[in-house]
Every structure is written in C-alpha cells, then in structure tokens.
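Take a moment with the sequence and the structure below. The text then walks through them step by step.

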Amino acid sequence: RVSLPGGCTIGARPVEQHIKGLQLMGAQVELERGYINARIKQGTRLKGNRIIFDMITVTGTENLLMAATLAEGETVLENAAREPEVADLAHLLVAMGAKIDGIGTDQLTIQGVDRLHGARHQVIPDRIEAGTFLCAVAAAGGDIMLRNIEPMLLDVVLSKLCEAGVRIESGSNWIRATMNQRPSAVSFRTSEYPAFPTDMQAQFMALNCIAVGAAQIIETIFENRFMHVQELNRLGANIMADGNTAFVTGVEHLSGARVMATDLRASASLAIAGLVAEGETLIERIYHLDRGYDQMEQKLSALGARPAEMARHWVKQGARRLHLVDLNGVGAGKPKNEAAIRAIIDEVGEEIPIQLGGGIRDLGTIERYLDNGLSYVIIGTAAVKNPGFLREACSAFNGHIIAGLDAKAGKVVTDGWSKLSGHEATDLARKFEEYGCEALIYTDIGRDGRLPGINLEATVQIAQKVKIPVIASGGLVSLADIEALCAVADQGIDGRLAVLVDTRKTSTPQRSYIARLFHQGDDAILKKIGEEATEVVMAAKDVRHGDAPAKLIGEVADLWFHCLVMLAHFELSPAAVLAELERREGISGLDEKALRKALARAENDA
Ligand SMILES: CC(=O)N[C@H]1[C@@H](OP(=O)(O)OP(=O)(O)OC[C@H]2O[C@@H](n3ccc(=O)[nH]c3=O)[C@H](O)[C@@H]2O)O[C@H](CO)[C@@H](O)[C@@H]1O
Ligand SMILES: C=C(OP(=O)(O)O)C(=O)O
C-alpha cells in the first residue's frame with residue numbers, strides 16, 4: 001500500500017502506466033482514497049510480460065524495470081524512457097544480479113531472477129544540478145569549472161548554451177563555461193531524453209529573460225510547468241505564457257523583488273534571475289529548492305566571492321581587523337592567492353590591520369607580504385616543524401609575527417590539519433611566546449567548520465600560560481560565544497583575550513527550513529502562523545471571487561504545516577488536537593459522521 005505520489009506540482013502526476021504494467025504482470029491493483037493497494041496471490045510471483053508504454057515515463061519505466069527483475073520469465077518494456085537515470089538504475093540492478101538487455105535504449109528486456117544481492121554502485125552525477133550552475137553563469141557572466149560531471153549527459157543543454165554565447169570546454173569528467181557578454185535568446189521545446197529536459201526549462205527561461213532577442217519555449221512534458229513566469233515577471237522580465245508556450249522578450253535589466261518559489265526548478269530559475277537582478281531578491285519557500293540542490297547558496301557564494309568587495313563589506317560592518325587564510329597555499333606550502341590578497345590590501349589595508357596565514361614557509365615571503373602592506377603574518381606548520389625559522393622571523397620582523405596553533409584534544413596538528421604532532425598546545429604556546437611572537441591564534445580543529453561553539457576551556461588554558469594575546473578561533477557560531485569569551489577575557493594572565501570571527505567558518509550554517517524556524521524560536525514561528533493565517537484569508541477571498549481553489553489549499557497547507565511546527569516546538573502532539581476536536585463534536589453540534597470522516601482522512605494523511 002502506497003500513497004499516490006507527490007513530487008513537484010508541475011501538473012498532474014498520474015501513474016496509470018505504472019499500474020497498467022503491474023497488472024499485466026499479474027498484480028491486482030486498486031485505488032482507495034489516495035492510496036494504491038497492490039497485491040499478488042500468496043505464494044506466486046509477478047510474471048514477465050510485454051508492456052508497451054502509452055507515453056514515455058521515467059519513473060514508470062524505473063518501477064516496472066525493478067518489478068521485472070524479480071518476476072518469473074521475460075519482461076519486455078517497449079517505449080521505455082531513455083533518461084540516463086533509468087540506465088543508471090539498470091546498471092545498479094545488474095550489479096545486484098539482475099539480467100537486463102537494451103540498457104540505454106527504448107526497449108528493455110529483462111529475464112527475471114530469483115533474488116538480488118547487495119552491490120556497490122556509484123550514482124551518476126546530477127546533470128540538472130550541473131545544468132543549473134551553467135545557466136547561472138550564462139546569465140550572470142563569469143567562469144565556472146564543474147568537476148565530476150559527464151558532458152555527454154548534458155548534450156543538448158551544452159549546445160543550447162553555446163547558442164546563447166557561452167564558451168564551453170570539456171573533458172571526460174569536467175565542464176568549464178565562461179561567459180562575458182549578454183546571452184543571446186535561445187528557443188527550445190522540452191521533450192524526452194535525449195531532447196531538451198523539462199527539468200532545465202525554468203533555468204533557461206531565466207537566462208532568456210535578460211538575453212538579447214526573443215525566445216519561444218514550448219513545454220511538452222508537464223501541463224503546469226510555467227509557474228515561474230509570473231514570479232520572473234515580478235523581477236521585471238517580459239514573458240507571456242499561452243498554454244504550453246511561453247514567449248520571452250529579453251530585457252536589459254531585472255530588478256530585485258520579493259518572489260515565491262513554487263517548485264524545485266522554478267526556485268532555481270528565481271535564484272538565477274536574482275543573481276542577475278539589481279538590488280536584493282528575496283525568494284520565499286526555498287524549501288522547494290533544498291529538495292533538489294545540496295548547498296546551492298554555498299556553491300554560488302564561492303563563485304561570486306570577490307575578496308576585495310567582501311573585505312570592504314566587513315570594514316563597513318565595523319570589523320577592526322581582517323584575518324585571511326590562503327587555503328590553497330596551505331596545501332602547496334607556498335603562497336597561492338597573492339593577487340586576491342593584494343586586492344584586499346589595496347582596498348582596506350590603510351584602514352584596518354590585516355593578518356594572513358597559509359603556506360608561509362620562508363623569510364622572503366614574509367618580507368614581501370609586509371612590504372605589500374600586511375600588518376601581521378601567521379606561521380603555523382613551519383613554526384612547529386622548524387622552530388628556528390619562527391625565531392628568526394620574530395627577530396627579523398619583530399611585532400609582525402603571529403603563531404597559529406591548530407590543536408586536536410590539546411595536541412598540535414600541522415599541514416592543513418592532516419598531521420598530528422606529539423606537542424602539547426600549551427607547551428608550544430609558551431615556547432612561541434619566548435621566541436617573540438606578537439600573539440597566538442588558537443583553533444580547536446574538532447570544532448572549526450562545525451559550529452558547535454568555541455572551545456572556551458582550552459582557549460583559556462592557553463591564555464593562562466602566556467602573556468601575549470590569544471585569539472580564539474574555530475567553532476564560533478553566535479554572539480553568545482563572543483559574550484562567553486568576553487566574560488573570561490580577564491583570565492588571560494595579562495587580561496588580553498582577543499576574539500577572531502572567521503566568516504569562512506561561521507557563515508550560512510546549513511539548516512533545513514524547519515530547523516531554521518526552531519532555531520529562530522517561538523516568536524518567529526508565531527509570526528509565521530500569523531502571516532500564513534492572513535494568506536489563508538486572502539486566498540479564500542480570491543476563491544470567492546472565482547479563482548481556482550488550488551491556491552487556498554496550498555495556503556491552508558502552509559498554515560497547518562506551521563501549526564505542526566509550533567506544536568512540535570512546544571512538544572505537543574497533533575494527536576492531542578485531533579482528540580480535542582473529537583471531544584468538541586458533541587458540544588458544537590457538528591455533524592458527527594462528517595467530522596469522523598474528515599478526522600479519519602486527516603489521520604491517514606498524517
Ligand atoms: C523523481 C524523478 O525522476 N522525477 C523526474 C521524472 O518524473 P516522473 O517520472 O514523474 O515523470 P514521467 O516521465 O513519469 O512523466 C512524463 C509525462 O508522462 C505523464 N505520465 C506519466 C506516468 C503515467 O503513468 N501517466 C502519465 O500520463 C506525465 O503526466 C508527464 O506528462 O521525470 C520527469 C520528466 O523528465 C522529470 O521532470 C522529473 O524530475
Ligand atoms: C520535478 C522534479 O522532480 P520530482 O519528479 O521529484 O518532482 C525535478 O527534478 O525537477
């Protein structure tokens with residue numbers, strides 16, 4: 001028994017092809033109140049058969065393919081979907097002992113086997129995620145390198161991007177795209193693989209919004225997959241949709257606005273348009289996006305990072321010192337990002353002190369950096385491995401050398417955290433102070449990047465052993481951490497415990513929508529309930545004026561959803577609410593049967 005499928009509401013998501021196939025294989029299937037009940041006579045198995053799909057269905061093919069592997073005899077699937085994900089599933093099944101012929105074609109022949117066994121399989125890269133980033137670069141301009149992606153999977157998409165003016169280079173498992181002009185409009189029609197994927201339609205529409213020229217987009221797979229049109233228009237796009245066809249006339253500029261994500265790829269198209277738009281774009285209901293993209297915001301931020309602008313931003317926010325890490329330099333053992341570092345120094349070097357670490361291993365490098373305008377240089381690995389070097393650096397550049405102590409359970413680690421040394425952090429701290437370091441940066445690597453809060457105890461321990469300032473770093477997540485550090489600031493021997501907030505480690509903690517709400521607390525949840533209730537009222541009024549009821553259903557769902565979140569927040573059970581409704585039944589005079597039915601349905605759905 002399974003419920004009818006969900007997925008994005010991009011049109012009806014019927015499953016009669018799945019059901020027809022299973023019936024042809026001997027299953028009894030019936031629909032009952034939103035559920036599919038399927039059974040087969042006790043002691044028998046599904047039987048192979050020849051199944052011709054009326055239309056090409058991806059999950060339909062996948063479902064029957066799986067069923068056929070364990071059916072009796074031979075199954076032939078005709079007009080099967082050829083999407084790479086279907087082939088990938090077939091390869092997994094073969095690795096598990098299934099017998100399948102015709103993988104990658106529209107005719108799959110399966111010889112049933114008695115059982116499958118475990119196997120190891122690497123899932124193919126997500127071609128739609130890759131395509132989405134390529135579209136983002138095509139629309140916003142820039143340069144992107146995608147690794148672990150098979151260009152073959154993106155054939156049409158790549159050729160359409162070329163048509164738009166993107167420069168594409170590729171190898172067996174990478175794609176690089178560069179774009180430094182406004183894209184040209186590209187027309188297309190979505191269709192089954194290997195034609196243009198419906199899952200890329202919205203992203204290409206976003207690209208067309210700011211293109212030179214006009215494009216016609218025809219959606220042939222899903223009947224309601226243009227919900228991004230009105231949101232893109234809110235950003236200033238010029239799109240007219242008529243049935244399954246959209247006409248996009250490119251405009252020169254989009255401007256930021258508050259928009260709403262309606263489904264997965266629609267959200268992606270809004271993110272792309274938001275990148276291009278002037279000013280701020282706020283995309284609501286981003287949970288649709290999170291369903292299909294892993295850390296999209298982090299990946300995009302990495303692309304857009306213009307170090308000097310970022311530095312200016314922090315200075316504007318009131319930063320009093322900048323801490324830079326040449327991360328590539330750490331691995332290489334020599335500077336790797338000098339151009340970016342120089343750009344930062346040029347931008348803000350005269351206003352605030354800048355310190356830099358990562359791959360600094362010789363006096364020449366230190367001298368060059370200080371000449372360029374850095375205030376402090378941080379030495380980590382080299383300080384541990386070659387204390388003589390640290391001593392020399394301190395005497396040659398007195399007042400400009402900071403030692404970085406990265407530690408795990410009190411023991412110092414080196415080489416980008418890859419090697420554990422035998423040294424106690426406290427011992428080294430004292431030694432580095434003797435050499436003449438200006439300060440120490442203490443990072444608990446068990447916390448860094450994971451945000452559980454600073455390791456206060458260990459930091460204080462270090463501070464108590466030395467007279468120079470200790471900069472706390474790693475795991476810092478909230479103001480509470482900083483307050484806690486301020487509270488122990490006088491426990492350093494000379495009362496100087498500085499705080500380093502490293503944004504690389506503290507920005508955008510990844511949380512689900514619900515987790516974020518929980519984190520924001522009661523007020524945020526209650527405010528949301530108020531807003532959702534208002535939206536219900538507004539949608540109900542629209543329905544009264546003749547609008548389709550789908551929106552109202554959606555708004556009620558949002559309201560219920562947030563009520564459930566609130567109940568969970570207060571550790572109350574939804575069952576208690578149902579019980580309360582049931583209790584009122586007698587008093588309020590509600591029709592008992594109708595209410596019982598509604599409750600039974602609600603319970604089922606829950
Ligand atoms: C989880 C997953 O892999 N989702 C993808 C899958 O969805 P999904 O497998 O749901 O899409 P299908 O390929 O089944 O649907 C294609 C078309 O066939 C119709 N149809 C399908 C089944 C059926 O029994 N009867 C019927 O009429 C659908 O309404 C649609 O118009 O393929 C779609 C089309 O590439 C993609 O957009 C989805 O991202
Ligand atoms: C529509 C999509 O997925 P689903 O079939 O899961 O809704 C999609 O990936 O764009």
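A word on the source comes before the tour. This is a predicted model. Residue numbers start from 1 along each chain.

Start with ligand 1. Its shell holds 17 residues. The closest are Thr57, Val58, Thr59, Asp199 and Ile221. Sort the shell by class, and it has eight nonpolar, five polar and four charged residues. Two helices each supply at least two residues of this shell: α1, residues 16–24, and α2, residues 58–69. Of the elements that contribute, α1 gives the most, with three residues.

Now look at the polar contacts of ligand 1. Thr59, one of the closest residues, has a polar side-chain atom 2.4 Å from an oxygen atom of the ligand. Arg13 also reaches an oxygen atom of ligand 1, with a side-chain N or O atom at 3.0 Å. Glu16 faces a nitrogen atom of the ligand instead, and a polar atom of the Glu16 side chain lies 3.0 Å from that nitrogen. How much of ligand 1 does the protein cover? On its own, ligand 1 has 740 Å² of accessible area, and the protein covers 74% of that.

Move on to ligand 2. The residues around ligand 2 are Gly7, Cys8, Ile10, Arg13, Asp199, Arg225, Leu264, Arg265 and Arg291. By class, the shell of ligand 2 divides into three nonpolar, one polar and five charged residues.

Which side chains approach the oxygen atoms of ligand 2? Arg265 places a side-chain N or O atom 2.7 Å from an oxygen atom of the ligand. For Arg225, the distance from a polar side-chain atom to an oxygen atom of ligand 2 is 2.8 Å. For Asp199, the corresponding distance is 3.1 Å. Ligand 2 has 290 Å² of accessible area on its own, of which the protein covers 78%.

Next comes the sheet. It is open and has four strands, in the order β11-β12-β14-β13, with mixed pairing. Strand β11, residues 188–189, and strand β13 stand at the edges. Each has a single partner strand, so one side of each is left without a neighbour in the sheet. Helix α6, residues 201–209, packs on this sheet and touches β11, β12, β13 and β14. The direction of α6 makes about 30° with that of β14.

Follow β14 to see how the pairing works. Strand β12, residues 214–218, runs antiparallel to β14, residues 245–249, and five bridges join them. Here Ala215 stands opposite Val248. Strand β13, residues 238–242, also pairs with β14 in the antiparallel sense, again over five bridges. On this side, Ile239 stands opposite Val248, and Met240 stands opposite Phe247.

Finish at the turn. β13 and β14 form a hairpin, with two residues between them. Gly243 sits in that turn and has a positive phi of about 60°.

Methods. Chains lettered and ligands numbered in written order. Predicted model: local features only at pLDDT ≥ 70, side-chain atom pairs only at ≥ 80, totals over all residues. Heavy atoms only, no water. Near = heavy atom within 4 Å. Polar contact = N/O pair within 3.5 Å; in protein donor to acceptor, adjacent residues only side chain to side chain. Areas by Shrake-Rupley, 256 points an atom, 1.4 Å probe, with all protein chains shown as cover. Nonpolar A, V, L, I, M, F, W, Y, C, P; charged D, E, K, R; others polar. Pairing = 2+ DSSP bridges. Contact = heavy atoms within 4.5 Å. Axes fitted to C-alpha atoms, helices over the stretch in contact; angles between N-to-C directions.
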